[in-house]
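Hi everyone, thanks for coming. Let's have a look at this one together.

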Amino acid sequence: MQHCSRFKRIYGDTPCSFHKRLRLQSATADLVLGAEPVGQVALRVGYRKERKFVAEFKKELGRRSKNFRKEILHR
């Protein structure tokens, strides 16, 4: 437990939340730079189910991953 408290003090987040944020940042880059389907991106960043990835993405970034990609590509 001491390690989690120390981690949170240093990084401002729990290890689990920090890791999730890194995964979503990686996915965001993949969605912007690549043409792979969302499901493939989800698998690459560690989500076994596309539905779970889409829900987490929307929760953290406020929009669905497909919509995010479309918005970026049409700028």
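Predicted model: local features only at pLDDT ≥ 70, side-chain atom pairs only at ≥ 80, totals over all residues.

Cys4 is in no disulfide, and its nearest cysteine sulfur, the one in Cys16, sits 9.7 Å away. That is too far for a bond. As for Cys4, it counts as partly exposed, at 38% relative accessibility.

Okay, on to charges. Side chains of opposite charge can pair when their charged atoms come close. Here the count comes to seven salt bridges. One of them joins Asp13 and Arg21, with the closest N and O atoms 2.5 Å apart. Asp13 is buried, at 17% relative accessibility, while Arg21 is partly exposed at 34%.

Next up, Glu60 and Lys20: their closest N and O atoms are 3.7 Å apart. This pair links distant parts of the chain, since Glu60 is in helix H4 and Lys20 in helix H2, 40 residues apart. Those two also belong to a salt-bridge network together with Lys52 and Glu56.

Then there's Arg44 with Asp30, at 2.7 Å between the closest N and O atoms. Arg44 lies in helix H3 and Asp30 in helix H2, so the pair ties together parts 14 residues apart in sequence.

Last stop: on the surface, Lys58, Arg64, Lys66 and Lys70 gather in a patch of positive charge. Lys70 is found in helix H5, residues 65–73, and is exposed, at 52% relative accessible area.

Conventions
Residues numbered from 1 in each chain as written. Heavy atoms only, no water. Disulfide = S-S within 2.5 Å. Buried < 20%, exposed > 50% of the residue type's maximum accessible area, 1.4 Å probe, protein only. Patch = residues over 30% accessible without salt bridge, like charges linked within 9 Å, V, L, I, M, F, W, Y side chains within 5 Å. Areas by Shrake-Rupley, 256 points an atom, 1.4 Å probe, with all protein chains shown as cover. Salt bridge = Lys/Arg side-chain N within 4 Å of Asp/Glu carboxyl O. Lys, Arg positive; Asp, Glu negative; His and termini not counted. Charge placed at Lys NZ, Arg CZ, Asp CG, Glu CD. Helix = DSSP H or I, 4+ residues; strand = E, 2+ residues; numbered from the N terminus.
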